[in-house]
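Please look over the model shown here before reading on. The text then takes its parts in turn.

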Amino acid sequence: MTRLENYVRPELALDLATARTQRDVFHQVCMHLAQEGVVTDPEVLEQELLGREAMGSTGVGHGLALPHATHESVRELAVVVCKLPEPLDWHSVDGETVNMIAVIVAPADQRQLYLQVLAELARSLNLEEIRTRALKADSAARAAEIVSVPPHQSFFRRNRRLLFYFAAVLVIFGLARLALPSIRLPAGGLYERLGHLRFNAEPWLFRQELTVTLFLGMVLGTLLFWRFRVAIAAAGLGILLVAGIMDLETTVKFMSIPTILFIMSMMVIVRWMQNIGVFRFVVVKAIEQVKGVPWLLLLILMAFSVVLGGFADEVSAILVTFGLALEVSRRAKAPLTPFLLSLVFATNVGSALTLVGNPIGVYIAFAGRLSFEDFLRWASPISAVAAVVVAVLCLLLYRKHFFGKRYDLDARELERTSGIVDKAKLRTGIITFIVMVVLIALHRRIELLMGLSDGTALVAAALLVTGFIVFYEQEKGRVLVERGIDWWTLLFFMFLFANAACLEYTGVTAKLGHLLVSLARSLTGGSTGSDVTGMTAVLMLWFSGITSGFVDNLPIVAALAPIVKDLGQVGLPHSSILWWALLFGGCFGGNLTVIGSTANLVAVGAFERVTGRHIRFAEWVRVGTIITLVSLGIATVALLVQLRLAP
Amino acid sequence: MFERILYFVSEKQEDKSFVMDLARKHQSTVFLSGIMAADRRQQMRSEGETRRKVLREEQERRCWHDIYHLEEEFKASGVKSSVIAQQGNIDTIQLLASSTRCDLIVLAASNLADHDYKLPEELLPNLPCPLVITHSG
């Protein structure tokens, strides 16, 4: 192995305060090497370095350049690390200026060693930690030291995230042990009649402490180790089983298989529609009508984000509309960031439109036994109003990009690139989508007509359409099921639902519900009845809204849903309003940060891949905060106004 | 026609010759980068942590060595070339294709092991330019 410290010597490093061009840099480096006795003919080496630069820039990106050459006039291999107080244009591939240069020169007969040192240096500078520290170093000599000596990371530094995680889980357990025994459900009244008073004593207290620790540990684990979320959720569930807190039968029941079946079927349906280009076709047709007027184009794309977010799913919605925005932006040379943010905001707001749009909607529908019609009555109008306000806000915030200009867009060109190959299939796709929406919309009536239990027709409708699609696609149907369903996510959902339901099983949610109502009661000056429900709804809406901005919204909703169920059971008036508070909190809160929802992550991923630019956290939060506060505000007012109408 | 070619360097001589001929013919600038083959990552997973780290570093070293070796060859034969300080997996292809504004991407089939399904489903629809996959025996 080539050891860089043998070749990158701090005493050879140079601070180039006066270099303004590549020629200046090479001149000063070559003269310096001549003074140090490394080079015999500095002028020739300078020409060689300049000549090689003309054959392709050695700016490798990230503010670095690695000029290199072998030459007869070089006596020994040397690396000169240079720092530039004023960044220089080095024609780097990423277009960035250069702050640090490492010049590598070697005798012509040491080509193999020269390539080894060059490769080692490139490898070292490719490590983000070393590169950042070297670029920030206050002198060239310090930068050379950083580059040459591989960083030693102690066990604690290497595993700091994991250690932090275990420490946090222990703290959670400690806090749960302290807090849960002191929260006591009052004797008498509904809690006693429901048999909840057993939750005040052992062995339930220990079960509650363990369940809370495992659930919060899982939420924290998914936040810190997102890639391993299934493993973390599975391990949590395993511990619950081994500890005897839940039996196998209850665990399977809590996995909410109807919810999983519905989401699974919808994944197949939506992937199929996406593959045959149904969504894209419809959006392209609409774009044709706006004739290049930027603000109208944004509104059309936002409207489709809302509708697709509500009737298909948020990820498909953002893939279609942002995919088109990318093409529009490329063709019209329009800035992409306003499109990105506006479309994501619209998708998240739209995902509360119906029960189909977001997994939390599906979960709430099954947990609260709510129908599609309930969603049309309670969720759609608020979501639609919020979407209109968000659209106006986005146009106001980005007005300089969308007014006073016109895009030179050929809509036919967009249509040509829309990837539609089979018009007959497209027709079948559109008809299937309409049939699916009608069946889902009528599920409650079908259930009443046929005497089926709640949610049966909903799952059946999705399964029937899936069956038709798989049959229609013949041998491709198998691929659709294998690839179209995100099995990883589904498995996570199953484990998560079971973990969350355990909070209800052990009485944690009954205690939290009692605590929440007590808080709401004290905030409303000790009043009872619907005022308490209103305050509880507000607390739930804003809590789920703000936390959903930082943590995946499904764990939050899965943990809070049993509280809503419990409060309904203990007779809180108009308690069904709480389901809607939960839905809007979970959906609208996703706009707060870049990690707030899956749609955000998908769109930002595509944005970064295409532009090579990162969206800064603060850049998102600045606009996301306004949008989230306004949309949560709209939901608050709308829910409070309708509170007494809620069952 | 192909002013800027993005080439993910592979070990096969046939691939290198193909890119060099193409670059000469079109007077292109070649951007050289590296992809760590998935099968090697897979192989590393079965090793212990220290051994895995050593293997990874070794592979990175070899990859950078190949890249700079090729840059030398290209420049010596009059082909303009630049190295990009970004190694990664198949997911970085689109990022680099965009940042280099390339007209053609050349990728070796050997770099696609374990990721072949990603190519038609995730990568191809989002690429800004054509992609050539070389398959040398």
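What follows goes from the cores to single helices, then to a loop and to the contact between the chains.

The model is a predicted one. Its largest nonpolar core has 152 residues. The residues with the most contacts inside this core are A:Leu343, A:Ile364 and A:Leu582. With neighbours within four places in sequence left aside, A:Leu582 is in contact with A:Ile364, A:Met540, A:Ser544, A:Val557, A:Leu560, A:Ala561 and A:Val564.

Next come the helices. Helix 9 of chain A covers residues 204-224, which makes 21 residues. From its first C-alpha to its last, helix 9 of chain A reaches 30 Å, close to the 30 Å expected at 1.5 Å a residue. Helix 9 of chain A is mostly covered, with 15 of its 21 residues buried.

A pair of packed helices is described by the angle between the axes and the distance between them. For helix 10 (residues 229-242) and helix 26 (residues 487-505), both of chain A, the axes come within 9 Å and cross at roughly 35 degrees. The crossing of helix 10 of chain A with helix 26 of chain A is left-handed. On the side of helix 10 of chain A, the residues that meet the other helix include A:Arg229, A:Val230, A:Ala233, A:Leu237 and A:Leu240. On the side of helix 26 of chain A, they include A:Trp488, A:Leu491, A:Phe492, A:Phe495 and A:Asn499. By class, this contact has 12 nonpolar, two polar and one charged residues.

A:Gly292 lies in a loop of chain A, between helix 13 (278-290) and helix 14 (294-311). Is A:Gly292 buried or partly exposed? A:Gly292 counts as partly exposed because it has 17 C-beta neighbours inside 10 Å, while a buried residue needs 20 or more. A:Gly292 and A:Phe26 are 266 residues apart in sequence, and their C-alpha atoms are 50 Å apart in space.

Technical notes:
Residues are numbered from 1 along each chain as its sequence is written. Chains are lettered from A and ligands numbered from 1 in the order in which they are written. This is a predicted model: local features need pLDDT of at least 70, side-chain atom pairs count only at pLDDT 80 or more; totals for chains, interfaces and linings use all residues. A nonpolar core is a set of buried Ala, Val, Leu, Ile, Met, Phe, Trp, Tyr and Cys residues joined through C-beta atoms within 7 Å. A residue is buried if 20 or more other C-beta atoms lie within 10 Å of its own, exposed if 12 or fewer, and partly exposed in between; C-beta atoms are placed from the backbone. Two residues are in contact if their C-beta atoms, placed from the backbone, lie within 7 Å. Helices (H or I, at least four residues) and strands (E, at least two) are DSSP runs, numbered from the N terminus. Axes are lines fitted to C-alpha atoms, for helices over the stretch in contact, and angles run from 0 to 180 degrees between N-to-C directions. A crossing is left-handed if the near helix is turned anticlockwise from the far one by less than a right angle, and right-handed if clockwise. Ala, Val, Leu, Ile, Met, Phe, Trp, Tyr, Cys and Pro count as nonpolar, Asp, Glu, Lys and Arg as charged, and the others, Gly among them, as polar. The expected span of a helix is 1.5 Å times one less than its number of residues.
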